[in-house]
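Work through these exercises with the model open beside you. Try each task before you read its solution.

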Amino acid sequence: MSNNNSWQVLKFGGTSVSSRDNWNTIAAIIKRKRAKGKKVFVVHSAVSSVSNRLEALITLAQSGHYDEPYQELVSLHQRLLQEMELPAMLLDEQYAYLKRLLDGIHLLGEVSDRIRALVMSQGELWSTTIGQTYLNQQLEEPVNRLDARDFLVANEEYRVDYLCASCDFLQDDALIQTINATPVVITQGFIASTSEEETVLLGRGGSDSSAAYFAGKIAAERLEIWTDVPGIFTANPNHVNNARLLKQLNYDEAQEMASAGAKILHPRAIRPAQISNIPLYIRSTIEPGIAGTIINDVENRWGMVKAITAKENITLISMESQGMWQQPGFLADIFSIFKQHQVSVDLVSTSETNITVSLDNLTQVVSEKQIKNLSLDLSRMCRVNIMKNCSAVSIVGKNVRAILHKIAPAFSIFETYKVYLLSQAASDLNLTFVIDDEHCNKVITALHELLITNNPNSEILGPTAKELKQVEQADTGSKWWQDNKETISMCLAKRDSAYIYHLDSVRQNIHNLQSIDAVERIFFAVKSNNNPDVLQVAYDNEIGFETVSCGEVEHILNLFPTIDKSRIFFTPNFAARQEYQTILEKGIRLTLDSTYPIKEWPEIFSGKEVFLRVDPNIGKGHHENVRTAGATSKFGIPIYELEELKPIIEQYDIKVVGLHAHAGSGILTNEHWAEHARLLAETASIFPSVKYLNLGGGFGIKERAQQTELTMSQIDNTLQQVKAEYPHYELWIEPGRYISANTGVLVSRVTQVKQKQNYYYVGLSTGMNSLMRPALYGSYHNIVNLSRLDESKEHLATIVGPICESTDKLGVEIPFPETKEGDLVLIENAGAYGRVMATQYNMRSPAEEVCI
Ligand SMILES: *Cc1c(COP(=O)(O)O)cnc(C)c1O
């Protein structure tokens, strides 16, 4: 169905309606939706603990003493009214009605399901009154209060189940008509009515179902379930530390997880959304910036384990009988007894002599007495054994059967734990083991480790709960571009995209590095950023320049004609003979990263000072492996080849004054440079003329929330230790990224937005032609919509450029707000290896550079 309907159904649970702060959160969410032109249909629960209190009151009313707990229930609401500065008499009539109902129960000394449902419904009705009154004050438009019972009608095919009814959810034009004029609606979850206008309940947790029914009825464009957790995880994060947020689930998988015990969603809430094809979002009121889990009809191509769930505290009934296969209708007889006792079963496994079933404990509460009577009747046909305190642990994922071979190792854990029942769903969505409750957490943790933690490369696995907390913290820290938003917008007034560099940050980063006392000289790797103003900051702060081509050397000499040549260092790779000659003529130091130049052209280095670049991977492990390891990298000289150079060096009087090692980029281990220093110091004994050890660059920066920054004092400590052992060497470093990366951002204007199924594409006016790193080596950049920093991130966006290459993606799965053409999008940490790699590909000019 094409959906021009901009209604969104938002469901809020008990916690969300229990304090003024939380109602303010609800108001803020509604306002954001309204600002985007959405109509909002709020479905909510009763205030926390109220349903339990009502339940207790019903019991107490039958036996006599209910006055005090009734008063407590009233006080609880009165305190909330006071906190929210609402009229103290707001609920007086509703309190009185409850009192009359309780008095009635007391008088009769008993209660029917019909009356029980009516009493239980009061909690929701009261909180709607509170909500409507408060939101009317907070919003700029009136809030339309509906009584859910006027629109949700229980299915009555068999009989009315007053406590756990299900309802019809087909599109209801009369309801749409009723609400269309008032774009903010509030109503209760959990309650509905019969065709006779009697109140019924939808079962515990039934508010999710209410929301789903309403979403179907008003053909909402989406259904959002707001909870106090950020989404659905691969396992219960309270038990499994490594549990990851699932960014997306298919309806069937979500249904399976809910039925298998994942406590996020009521199992009945998914089917209505699925049938009406309404995407369902699980969001957190505590962390509204996180996109949460999206449940929709997108299917992953491959089979994959999505989650390990558990249903605890279940009861098994095992029934033994000889030769039951020979008896036609045996199973029918057995199950008819379950029907008589109104006990529904969940899992079933059969053998020639045994049937074992587990009792469904999600949608029904089975009493001890029921089980006893059931077992009595069953024992006329077979031998009955009841097992309590079991847990059903399920491995959930579409096509589990297809990946049985991969999960085989997981089964070894059942060597230690007894399995009472094993069942594989006919739907091919789960594999379930029933074990003792006490082993449940151990088994879940082990299965999760094997099947999910060790299989990390899926697009749909988000961060762990701990990482999410860090994201929140990281997001609160101020970044230079946040303080310069205005300036950035002004820079973009005349352009569609720009690299913006913050020179103060360049200065700051250099100062950080200069705090490493053990290091004598710092050379800035010019290849990471050759912008003249950035280089000027490096120059003014008295550091040197590490160059990799004659072009870079010329660039530096043009900018700083009077520079001391010892501040330039030349570290080429596979350069032509002429380049070495040119550089040496200028009196600039260089490093040789192969034995070839010395063996083939020794004369050009005669009497000159050179560095030798050592392959730092060498020296660990067996000789054979060493050669292989050395061979895969085109950089550096294997240590075992250094000796070969000695005769030539002596013959031509080549002065090896330094050794050099550079291992790669983005290193976040503080000890790394000390390891290089030690390796080089040990190696340097081959050449007595060595004075300098260049430890390379590769200083990483924090790009993701879960990363830990380098600590300069720590690096200094570890280097000081090496210096203490080898005091005669001067230590140098040559960082690029650390100095330039976080000083630059790429800002670009949104050209178009495209939604393809679940994929939300945000197109920018520039892409890989300006920033090639993501396409070249899958680098990660945090990306934000600068024009909508405060809006909630509802999408997982793919940020793309206009270049005709499918790799023209700057970011995938980036939490992003609803975005519009013309918005400014900012890509962080683009100051290093950004503009320097830009191309004219597609004849699209890359972003220009601006310094602020
Ligand atoms: C690129 C490079 C650097 C700088 O690397 P970063 O990761 O940017 O610090 C340092 N030394 C050499 C030899 C390089 O090639």
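**Exercise 1: a helix and its cover**

The cover over the buried residues of α20 includes α19 (532-540), β21 (544-547), β22 (568-570) and α21 (577-585). Here helices (H or I, at least four residues) and strands (E, at least two) are DSSP runs, numbered from the N terminus. The model is predicted: local features need pLDDT of at least 70, side-chain atom pairs count only at pLDDT 80 or more, and totals for chains, interfaces and linings use all residues. Residues are numbered from 1 along each chain as its sequence is written, and side-chain values use heavy atoms, with hydrogens and water left out.

Task: which residues of α20 are buried?

Solution. Step one: apply the cut-offs. Buried means under 20% relative accessible area, exposed over 50%, and partly exposed in between (1.4 Å probe, protein chains only). Step two: go through helix α20, residues 550-559. Cys550, Glu552, Val553, Ile556 and Leu557 are buried. Step three: look down the axis of α20. The buried residues fall within an arc of 160°, so they line one face of the helix. The arc is that of the directions from the helix axis to the C-beta atoms.

**Exercise 2: two crossing helices**

Task: at what angle do the axes of α2 and α4 cross?

Solution. Step one: know what to look for. Two packed helices are described by the angle between their axes and the distance between the axes. Axes are lines fitted to C-alpha atoms, for helices over the stretch in contact, and angles run from 0 to 180 degrees between N-to-C directions. Step two: take the pair. Helix α2 (residues 50-63) and helix α4 (residues 92-108) have axes that come within 7 Å and cross at roughly 40°. That makes α2 oblique to α4. Angles under 35 degrees count as roughly parallel, over 145 as roughly antiparallel, 65 to 115 as roughly perpendicular and the rest as oblique. Step three: list the contact residues. α2 brings Leu54, Leu57, Ile58, Ala61 and Gln62, and α4 brings Leu98, Leu102, Ile105 and His106. Contact means heavy atoms within 4.5 Å.

**Exercise 3: an open sheet**

Task: in what order do the six strands of the open sheet lie?

Solution. Step one: follow the pairing. Two strands pair if DSSP finds at least two bridges between them. The order is β13-β14-β12-β15-β17-β16, with antiparallel pairing. Step two: find the edges. β13 (345-350) and β16 (421-424) each pair on one side only. Neighbouring strands of this sheet are turned by 30° against each other on average, direction ignored. Step three: inspect one pair. β13 and β14 (residues 354-359) are antiparallel over four bridges. Val348 stands opposite Val357 in β14. α11 (residues 330-340) lies across β12 (307-320), β13 and β14, at about 25° to β14. α14 (residues 440-453) lies across β12, β15 (383-396) and β17 (430-436), at about 125° to β12.

**Exercise 4: positive phi**

Task: where are Glu85 and Asn313 found?

Solution. Step one: take Glu85. Glu85 sits in the loop between α3 (67-83) and α4. Its phi is positive, about 55°, although Glu85 is not a glycine. At 61% relative accessibility, Glu85 counts as exposed. Step two: take Asn313. Asn313 lies in strand β12. Its phi is near 60°, a positive value in a residue other than glycine. Asn313 is exposed, with a relative accessible area of 52%.
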